[in-house]
Amino acid sequence: MSGNPRLGGVGLTLAYERRIVAEGLSVDVPDGSFTVVIGPNACGKSTLLRALARTLRPRAGTVLLDGRDIHSLPSRAVARTLGLLPQSSVAPDGITVADLVSRGRYPHQGLLRQWSAEDERVVAESMADTGVAELADRPVDELSGGQRQRAWIAMALAQRTPLLLLDEPTTWLDIAHQVEVLELCARLHEQGRTLVAVLHDLHQAARYATHLIAMRDGRVVTSGDPREVVTADLVQEVFGLPCRIVADPETGTPLVVPAARRPAISPRR
Amino acid sequence: MLLSIAVGARPLSPAEVWQGLVSTASPEHSVVHQMRLPRTLLGLLAGAALGVSGALMQALTRNPLADPGLLGINAGASAAIATAVGLLGIGTVGGWIWFAMLGAAAVTALGYAVGGGRRATPERLALAGAALNAVLFSYVSGMMLIDAASLDRLRFWTVGSLAAAEFATVRTVAPFIAAGLLAALAGARALNALALGDDAARALGARPALVRVGTITAVTLLCGAATAACGPIVFVGLLVPHLVRRLTGPDLRWLLPACAVYAPVLLLGADVAGRVLGRPGELQVGLVTAVLGGPLFLRLVARR
Amino acid sequence: MSVLRTPGGLSLRWRRRSAAVVTGCASATLLLALAAVGGGGDHPMSPADVLRTLTGGGSPAEEFIVGELRLPRLVTALAVGAALALAGAVVQSLLRNPLGSPDVLGLTQGAATGALVVVVLGGGTLTLAGAATAGGLAAGLLIAAVTGRRGLAGARVVLVGIGVAAILTGVNGWLLTRAQLMDAARAVLWLTGSLDGRGWAQALPLLGVLAASTPLLFGYGRALSMTELGDEAAIAAGVPVRRARRALLGAAVLLASVAAAAAGPVSFVALTAPHLARRLTRAPGPNLLASALVGAVLLVAADLVAQRAVEGRQLPVGVVTGVLGGAYLVWLLAAQRRAGRS
């Protein structure tokens, strides 16, 4: 990788109201990577993602998109480069999947350019890619959790952005739906997009990420290839959890096994 | 404590007048006596009723912004009284009070049901109350348009005032408010349990449905009686529990009695302020609480 | 969905059902308009007479009745209905709350305060309209000032609005006690909302504001339907959320204030019209155009009812909308509760 990546943050101070979440935070998102941000609760990982997606304005520092301050760029131009799957979103009552997905075309439309042939093609494609095409006419609020999440991802896809940020895309989903969503992300990554996701599950992060950012207390502890970065020491440092690392029997990626806490106290057998 | 409140309202009248008041011997002050004393008593009762019913509503809805006035209960009482005055020609507080009770009960139940019952969220309840307020407001103004005499009566009543107090009024509302206060105190422990959620309350041995009905009854008694006597007075029921909670914490067994003590202080204070500010006439206490209490409410919301 | 595309790359898209509703409402408006101008009063006219008069062929008496009495009243009703409905649709969509309306935010109470001050101090109809507009705008500014830098998002605005409304209600009640009994009756009539004796002087400023705000509303209309997906999703899709929200809320405040100045705070049109529109079109989103037309139809119809409901006496239109709207609202809330939506 040469030169500056397309997306990154320099010297970020991130805060809600009076509570400062991070100070002097700098991150780079390598082009073409599937970057995953991990860390304990309230370490600032979602806040970082929000700042990168410009839904949170940093108190200090800059988020750079293609070398320019993201807040100085026209909002729609950014929306054609950078998409976001928010953590919490509300679907208005009665909106159908097709309708939701087509709203992702907003940055490509205008008052007199409401629905081009291109719009139609992209929406159909996005729904096909995420496997919600057959749900097109169903109201979003009637879908299952996994289907709903895929519909929202389809909307973000319809934006046709080379960069896609996902804020905890697997939260609230059962394990089968989690894998389904992550597989979809991996496919999108293979198609050439740069992905940034906040995940809770270390094992999934290590399995799917090509680049891992581990955070604690508002700072980056380390970052890099998960196969090199995920060590027992790192897990201890970031999560305060003693553990062993073994190879995932399926993929060979690091698998975190928490250490047994009381072998001596209550020995079974 | 109660004494200090009674005294707190007095210093306005010149000291010698007050002396004359206390010593019933001086005949020239008996007129003043008959106006001032019932007014203070009514202020005490109504204040306690509003403060406690506010605390009850906040506990019941698990919503720190609940207030009988905001939820439309007062408006329900107003609408019922407007009916009594406009259609039936009833003009005495003794006659009004039953209507006020009925109206308050109906609107309390409606507001709670419409606001989502057990699933009520702060915003939904507030909106349901605001909507009911709007409905009832247009009804009351319709009544006022039909008949100029009821307009003349109602327009003074709807601001909320202690000025029309007589001993008869006090005697009429006192039993209702006393009953409501007793019911509230008796239910405090059960409501405490309910604050942890229905399941937890059941596990602790409380019966949520019963507690709810009991609380709503108490609110209706308190709020209906106070409104019938003084007109709708906003913000007292909202603010006092907040101020008091800082002293007592969230335990209703302490919070409710404390509200019953501090709310009258606030109400009488506002009444006194209205008399001082409005000289040579006076400002209705309902206006004073709206103008002083409103900004406090806004601050509370803005800081949340 | 229907799409119209030009070779130059322009394209328009609309829902067939929404288009049908809009056409239906427009024709209903026309019919009602003919009925309103023709019928009623002491001088009933046939639709043919009305058309003849409108095209300049009527007798002087007919000219006067249509041109100076009935037509301006009708136009005021249409414009007030449309303006209130637009304000309601925008507020409901922005707050993501189906119960939002200018009453809930205290805007109409603000207008009422302005009007009452004029009633108490004495002043003409035009001063009253001006003061009502100013009052509504002031209430809007107050809400913006209190919510402050945290932005005009959802729940906080509702709560602040309710607080403002409660304060102003107290003030209004007090102002009412300050007035002479005759003035108080006039004030209550105004507060209820009435179209009696409304002429071009009320209709024209309102039409001006409608004309000025329409491009703004429809320009931001698409942004509005994006903000319904949540702020983050909207920002991510490139919607200038803060700017859009400020502009839209500003327009809603202006529309509600000027409408209240023209006819008084007619209750429930702002709340009900967007709901009816949504039920008719079955489309999500703010449904601005359909709401405006439904609002106009509602108010003209309510005014027709108000003029004829009680023999020999005109009810203020606000009483009719209040009764009908109240029933609808309770039904709506109950239905919503049954559906179990939060």
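Me: In which sense do strand β4 and β5 of chain A pair, and over how many bridges?
Reply: The model is a predicted one. Strand β4 of chain A covers residues 60–65. The pairing of β4(A) with β5(A) is antiparallel, over two bridges.

Me: Which strands of chain A stand at the edges of the sheet?
Reply: The open sheet has four strands, in the order β2-β1-β4-β5 (chain A). An edge strand has a single partner strand, so one side of it is left without a neighbour in the sheet. In chain A these are β2 (19–29) and β5 (68–69).

Me: At about what angle to β1(A) does helix α1 of chain A run?
Reply: Helix α1 of chain A spans residues 45–52. It lies across β1 (7–16), β2 and β4 of chain A. Its angle to β1(A) is about 120°.

Me: Which element gives the most to the side of chain A that touches chain C?
Reply: The contact takes 29 residues from chain A and 24 residues from chain C. On the chain A side, the elements giving two or more residues are α2 (75–79), β6 (82–85) and α3 (97–103). The one that gives the most, with four residues, is α2(A).

Me: Is α4(C) roughly parallel or roughly antiparallel to α7(C)?
Reply: Helix α4 (residues 107–121) and helix α7 (residues 181–192) of chain C pack with their axes 10 Å apart, at an angle of about 160°. Angles over 145 degrees count as roughly antiparallel. Therefore α4(C) is, relative to α7(C), roughly antiparallel.

How values were computed: Residues numbered from 1 in each chain as written. Chains lettered and ligands numbered in written order. Predicted model: local features only at pLDDT ≥ 70, side-chain atom pairs only at ≥ 80, totals over all residues. Pairing = 2+ DSSP bridges. Contact = placed C-beta atoms within 7 Å. Axes fitted to C-alpha atoms, helices over the stretch in contact; angles between N-to-C directions. Parallel < 35°, antiparallel > 145°, perpendicular 65-115°, else oblique.
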